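Dear colleague,

I am passing on the structure we spoke about, and I would be glad if you could look through it with the notes that follow beside you.

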Amino acid sequence: MEKRGKSDLKLAVVLLFPSVFLVLLLVAYPMISNIKISFFDLPINPRLSATFVGLQNYTEILTDIEFLKSLGTTLLYMILAVAGSTALGLVVAIFFNRPFKFRKAARSLIILSYVTPSISLVFAWKYMFNNGYGVVNYLGVDVFHLFEKAPLWFDNPVSSFILVVLFAIWRYFPYAFISFLAILQTVDKSLYEAAEIDGASTWEKFKNVTIPAIMPVLITIITLRSIWLFYMFTDVYLLTNKVNIIGIYLYETAFAFNDLGKAASISVILFIILSIVIIASRKRVKLNGNG
Amino acid sequence: MKFKILILVFILVLSMALSACGGNEKAGEEAKTTIEFMHSSVEQERLAVVNKLVKKFEKENPTIKIKQVPVQEDSYNTKIITLASAGKLPAVLEVGQDYAKVMDKEQLIDKEAVSNTLDKAGKKDFYDGALKLVTPEDGKGHTGIPISGWVQGIWFNKEMLASKGFEEPKTWDDVMSIAKAFTDSGNKKYGIGLPTVEGGFSEQAFSQFALSNNANVLDGKGQLDFNKKAMKEALTYYKELAQYTMPGSNDTTEVKDAFMNGTTPMAVYSTYILPSVYEEGDAENIGFAIPEQKTKAVFGTVSAITISSGLDDPQKEAAQEFTTFLSRPENMTEWVLMSPGGAQPVSKAVTENAAYQANEVVKSFGDLSTEIAASFNEIQVFGLVGEKNYVKMGVITSSGSISKLVNDITVGGKSVDMEVKNAEQKMKDVLKK
């Protein structure tokens, strides 16, 4: 028996080796390399020598008011977009969790915004809100006379921020919708029937039956979407330059100012912030007995 | 025993997989020197032209193999940084003159190899303006061999101007008068398509007005010389002119759309507007003007072919052979004609080439094509003072301080004096780093 146990362990090591090797190569090595770079003033040309600057990159970043501003903007963007896309996804999933005509076709249409490439959607939005010929201004000014003059949607920091949040909610709610619909279809109908017999209202049924049933998916969606939106770059960068989220700040540091050391230190700081969020959310899942 | 066999099988599979990734050179091709060529011609029809040139070169030089790396324009500079940092920069690269400055600062260009190639290609044929743009700050060598370029100025619709009794605008005052006469914002008609976006397009457009008023960002010694009367005059003029353009931040799409659909009779744009004008069959109705105050200033940029530094001897030799081949008039002509009208010749050898002159698009614009080509000698850009092309201008442009200033005063309605001070401070900060 003992001999067989040892042989299984060896086999397990061999079988695991490719995965471990890939994780070390694709995750651990870049991470360690990134941490190393963050302590240097690194030229682009690898033949030129790098200067060790200690914690200077970190102190400069943490005392840069622009970094702190963009961190605040990113957090607000992330919270609003995650909350909005999750709530909208849940509402639509509840609506779709019942039979009706053309349900399959409607479901396919709903996920369109999620599967279409960002660049096409961004251009569509930019055309919609164009100051001269955008349909939004046409309706608002010429048809319904809501505004006297067309608002400069993407030139004003506040309206730009609202639009990028709305864009994110609209673009990413289908992910929440699909996940919620999948788990809602597994909820036992008898639970709702039992609650009805007990005289529960719609809100009470939602609170006491639906929410506990979908909790694992809800936590997963919030965690994953928060990570993705925290690092968001493309959508916001293409839509407007009035919303300076952290992805853009990082991109400009690395590729406009060619300051690779500072950019590396920003990503380490962001990694730490996100790790705290993930650890906290994992604890939350475990507390609920789902992890 | 079983374990050893398993390990052996795993190693064999891994080595087979890795060898499969390692390229497919046949035994007879081992003597070839392979070099990479990175360019931005990703569109199918442009790629076909580059493929044809590469095949022709490989036929003439059987010991050299060219491996192409086509990269989208938006991610081009990002790709250069990542490849350079990894020590994997291709031997030959297509690069704009501004980014060539950044690469030169990082010692990523073999200027000696580039200069040798340029000498072989016949330096005297190239327009002076184009060569100035690829001359580094110390005036020694070149950062690239210009292959094509584009210039920017004020395009105008001759018929529309004539309908209100105007002729070609020559001075700042002419431009302002025409812009004012055609603006009817209630009916969404404007006098000029003017760049106001917080981006490179605005800095380029504004630079023409500033430089025509003899206002540059740096002085002859390379010191910051931004906050001065001539610069403020140009900014005040640009702000006033922006009253007669479309509201909001106008980027290339808005300006081109407005001019092409007749919303404006004038637009500040590059020669890349010409292919669309040709397609519309309106080639004879377009004119090109250069804003003039104290002097004339055309904004222009060249696309150059450069050789990266740190190559071993056979690769360097192969890179020089290939760049020399691309600089031959007939090959440069093919390159320029990838986008006829949009891309402009940077050498008289191309302008005088029969194939270039016979091109339908080029012919359709008649004398305008010659006028545009000649304007290469009137190119002025921020940071180019006399013969000195200051590297630090690249840092100032990257900081976005000028484009933000233009956007703030035109779209944001902020005061010129205050924003000039803010922009100057931002420039000082980035130059200190």
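**A helix pair in chain A**

In chain A, helix α9 (residues 189–197) packs against helix α10 (residues 202–230) at an angle of about 145 degrees, and the axes of the two helices lie 10 Å apart. Please keep in mind throughout that this is a predicted model. The crossing of α9(A) and α10(A) is right-handed. On the α9(A) side the contact is made by Leu191(A), Tyr192(A), Ala195(A) and Glu196(A), which meet Lys205(A), Val209(A) and Thr210(A) of α10(A). Sorted by class, the residues in this contact of α9(A) with α10(A) are four nonpolar, one polar and two charged.

**Where the two chains meet**

Turning to the interface, 31 residues of chain B are in contact with 28 residues of chain A, and the two chains bury about 2,600 Å² between them, with 60% of that area on carbon and sulfur atoms. The interface of chain B and chain A also holds 13 residue pairs in polar contact, counting pairs in which both residues are at pLDDT 80 or more. On the side of chain B that touches chain A, at least two residues each come from α1 (2–21), α3 (76–85), α4 (97–105), α11 (252–260) and α19 (392–399) of chain B. Of these, α3(B) gives the most, with five residues. By class, this side of chain B divides into 13 nonpolar, 13 polar and five charged residues.

Side chains of opposite charge can pair when their charged atoms come close. Over all chains, the structure holds 20 salt bridges. One pair that may interest you is Lys188(B) with Asp142(A): Lys188(B) sits in the loop between α8 (172–182) and α9 (200–212) of chain B, while Asp142(A) belongs to helix α7 (residues 135–143) of chain A, so the pair joins two chains. In this salt bridge, the closest N and O atoms of Lys188(B) and Asp142(A) are 3.2 Å apart. Across the interface of chain B and chain A, the rule finds two salt bridges.

With best wishes

Technical notes:
Residues numbered from 1 in each chain as written. Chains lettered and ligands numbered in written order. Predicted model: local features only at pLDDT ≥ 70, side-chain atom pairs only at ≥ 80, totals over all residues. Heavy atoms only, no water. Contact = heavy atoms within 4.5 Å. Buried area = accessible area lost by both parts, 1.4 Å probe. Salt bridge = Lys/Arg side-chain N within 4 Å of Asp/Glu carboxyl O. Polar contact = N/O pair within 3.5 Å; in protein donor to acceptor, adjacent residues only side chain to side chain. Helix = DSSP H or I, 4+ residues; strand = E, 2+ residues; numbered from the N terminus. Nonpolar A, V, L, I, M, F, W, Y, C, P; charged D, E, K, R; others polar. Axes fitted to C-alpha atoms, helices over the stretch in contact; angles between N-to-C directions. Left-handed = near helix turned anticlockwise from the far one by under 90°.
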